[in-house]
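Morning, everyone. I'd like to walk you through one model today, going from the inside out. Have a look at it first, and then I'll start with a single side chain.

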Amino acid sequence: MRKLGETFVVSDVMVHRGQIEYVAPGDGNAANQIVAEKRYSVVPISADGQNFEAVFCTEHPVNGARTITIMRETSVSDHIPDSTPLAEAFYLFDTREWYLTLRGNRVSGLITYWAFNSREFRVQLYAGLSRVEELSRNLLARDGCGISSDKGLNLSPEVLQKVRKRFESVRQKMGGNRFVDELDFHHVNEALRKHSPWRDFLHERLGRALSNGEYETLYNFTDFRDAVMHGRVLFPIYLDFKQRRSTISQIGELIDHLDAYSALPASGLPPTA
């Protein structure tokens, strides 16, 4: 994700200062009403809508309603520059849900974990997942798997039959597609998982052998890709955000491994289960 981090910055997705919903100093009732109705992560406090010297913090327990916990003054650690790359900012939300943003030493806006449901961040995720898919197809084809036929692809006869029909149809209409290009995303993942030269390389690189189940847990992004592709809310609550952080880190990790394998001479070896 860090490789894609320069595309968008915090200012592209933050709530700008003039749109921040805040309460006057001491107005805890208004803050409680906002949290009850809108479930905000934080309610800033301001006398003029320009300076935010305190906030009402909230908490969202599992199976419970979000409520205000404390009112406290803001500190330096509550602020980040609004020029921070979005992918870099993602890693700042490991233990907290919000930041005030700065531009020229003045508060310019507010960003919460919810901003990572934005179109901008989804574009970055899609780019990362698309890169995984591209490298995976290229890796298989480079090793002689699924070029002009299903040769070398360790998939079920039913799957290969469907892909074979699709491949022949596309080939007649458009020409030079590879067989592997007609596999669905989850079948590309399966074929790669069963490709012995890749697995041997990965195990050596990791310093340990992964079981098939461990491999799937780490590197099968099919469900997450579907959510990204179909515009679903990725992080409806902060707990989901924290749980999926590791998935997003693993996308970048897999890209690094695939890039490293791609730099090696082609194996030309068939896969084994």
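So, Phe224: with a relative accessible area of 4%, this residue is buried, where buried means under 20% relative accessible area, exposed means over 50%, and partly exposed is in between, using a 1.4 Å probe and protein chains only. Before I go on, the ground rules: this is a predicted model, so local features need pLDDT of at least 70 and side-chain atom pairs count only at pLDDT 80 or more, while totals for chains, interfaces and linings use all residues. Residues are numbered from 1 along each chain as its sequence is written, and side-chain values use heavy atoms, with hydrogens and water left out.

Back to Phe224, which sits in helix H8. Helices here are DSSP runs of H or I with at least four residues, strands are E runs of at least two, and both are numbered from the N terminus. What does Phe224 touch, once residues up to four places away in sequence are set aside? The list is Leu125, Leu129, Leu234, Arg244, Thr247, Ile248 and Ile251, with contact meaning heavy atoms within 4.5 Å. Take Ile248 from that list: it is 24 residues from Phe224 along the chain, and their C-alpha atoms are 9.3 Å apart.

Ile248 also turns up among the contacts of Phe235, together with Phe90, Tyr113, Trp114, Phe116, Asn117, Phe121, Asp240, Phe241 and Arg244, again leaving out neighbours within four places.

In soluble globular proteins, nonpolar side chains tend to be buried together. A nonpolar core here is a set of buried Ala, Val, Leu, Ile, Met, Phe, Trp, Tyr and Cys residues joined through side-chain atoms within 4.5 Å. The largest one has 57 residues, and Ile111, Phe116, Leu153, Trp198 and Phe235 have the most contacts inside it. Several helices each supply at least two residues of this core, including H3 (119-142), H8 (222-229) and H9 (238-262). There is also a second, separate core of 9 residues, with Phe52, Trp98, Val107 and Leu110 among them.

Now charges. Side chains of opposite charge can pair when their charged atoms come close. Call it a salt bridge when a side-chain nitrogen of Lys or Arg is within 4 Å of a carboxyl oxygen of Asp or Glu, and the count comes to 19.

Which residue does Asp184 pair with? Its partner is Arg166, with the closest N and O atoms 3.6 Å apart. Asp184 is in the loop between H4 (157-174) and H5 (185-193) and Arg166 is in H4, so the pair ties together parts that are 18 residues apart in sequence. Asp184 is partly exposed at 34%, and Arg166 is partly exposed too, at 33%.

Then there's Glu120 with Arg119, at 3.2 Å between the closest N and O atoms. Buried or exposed? Glu120 counts as buried, at 14%, whereas Arg119 is exposed, at 56%. Elsewhere, Arg72, Asp78 and Arg96 are linked in a network of salt bridges.

That's what I wanted to show you.
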